[in-house]
Amino acid sequence: MSKRWGVVAGALLLLCAAPVAAFAVAESMVTLTLGSGTPNGSFAEIASSGAMAGLNVGYRAIRRLEVGATIGYFSYASVRNGQQFSYIEPSTGNLTTITMSEHFSVTELGVYGRLYQFERGRLGAYLQAGAGAYNVRFGQDVSASTGATLVGGNEQQNKFGFSGGMGARFRVSGGTYLGLEAVYHQILGKGRDALGSERNTPVSFTSIGATLGFGPSTK
């Protein structure tokens, strides 16, 4: 009886130790990305270029393949941002002139795979593909008004999407890397109110950013 339980305990110990041992010999990487985003297609008709920030946590158990999780935030101003409109306010019946403040924000939470195609010395280039959930939010506020107004509000939708791109990184010293990355994002399905438009508008955009990566020291 004690021998059988000893075998079971040993097997459980190996199962617990195996992931730790694998992680110790593999390469883990944390990458920060800061840059800009450009709306594509019909989304570019209602949104202008903006800023983006991202965080990737990757694990490289195979020499050329890195997999991990990513979170990104993208901010775009509406093409109507800063424009003035005059209308009859229903609550007062008065002619009111307002200055609009409209913006879009997209939050991404997903997974990615990165295939390194070229690594020579300190330089490494890669192709990247990913998928995940995207939260698309449209905010409408009034930055200035000549009278009381009820204009304003927020709408949001959650959608599935995918991404693909490429990049390159250069090892500065030890496990610190600097690089550049370009990624195309396509959100599936169409939104209506969440995009601030009376027509259905698919959301796609391209982000380009500078990357700062931290991993194990390499001699």
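Reply: Start with the elements. Helices (H or I, at least four residues) and strands (E, at least two) are DSSP runs, numbered from the N terminus. Read that way, the chain follows the pattern α-β-β-β-β-β-β-β-β-β. That is 1 helix and 9 strands. This is a predicted model, in which local features need pLDDT of at least 70 and side-chain atom pairs count only at pLDDT 80 or more, while totals for chains, interfaces and linings use all residues. Residues are numbered from 1 along each chain as its sequence is written, and side-chain values use heavy atoms, with hydrogens and water left out.

Me: Why is Q140 called buried?
Reply: Buried means under 20% relative accessible area, exposed over 50%, and partly exposed in between (1.4 Å probe, protein chains only). Q140 has 18% relative accessibility, so Q140 counts as buried. Q140 lies in strand 6. In sequence, Q140 and H103 are 37 residues apart; in space, C-alpha to C-alpha, the separation is 6.8 Å. Across the chain of 219 residues, 33% count as buried.

Me: Why does H185 count as buried, and what does H185 touch?
Reply: H185 has 3% relative accessibility, so the buried label applies. H185 is found in strand 8. Leaving out residues up to four places away in sequence, H185 touches F74, E108, Y134, F162, S163, V203, S204, F205 and S207. H185 and N40 are 145 residues apart in sequence and 9.4 Å apart in space, C-alpha to C-alpha.

Me: What makes E66 and R114 a salt bridge?
Reply: The term needs a side-chain nitrogen of Lys or Arg within 4 Å of a carboxyl oxygen of Asp or Glu. For E66 and R114 the N to O distance is 3.9 Å, so the pair qualifies. E66 lies in strand 3 (residues 65-77) and R114 in strand 5 (residues 95-120), so the bridge ties together parts that are 48 residues apart in sequence. Both E66 and R114 are buried.

Me: Why is the F74 and F205 pair called tilted?
Reply: Rings of Phe, Tyr and Trp (its six-membered ring) pair if their centres lie within 6.5 Å; planes under 30 degrees apart count as stacked, over 60 as edge-to-face and the rest as tilted. F74 and F205 are 4.8 Å apart, centre to centre, with 55 degrees between the planes, so the pair is tilted. The pair links strand 3 with strand 9, 131 residues apart. F74 is buried at 2% relative accessibility, and F205 at 0%. The whole structure has 6 aromatic pairs. Ring pairs link F43, F74, Y76, F104, F138 and F205 into a cluster.

Me: What makes a set of residues a nonpolar core, and which members touch the most others?
Reply: A nonpolar core is a set of buried Ala, Val, Leu, Ile, Met, Phe, Trp, Tyr and Cys residues joined through side-chain atoms within 4.5 Å. The largest one here has 14 residues. F43, F74, Y76, F104, V106, I187 and F205 touch the most other members. Strand 3, strand 5, strand 6 (123-145) and strand 9 (201-214) each supply at least two residues. Strand 6 gives the largest share, 3 residues.

Key
Contact = heavy atoms within 4.5 Å.
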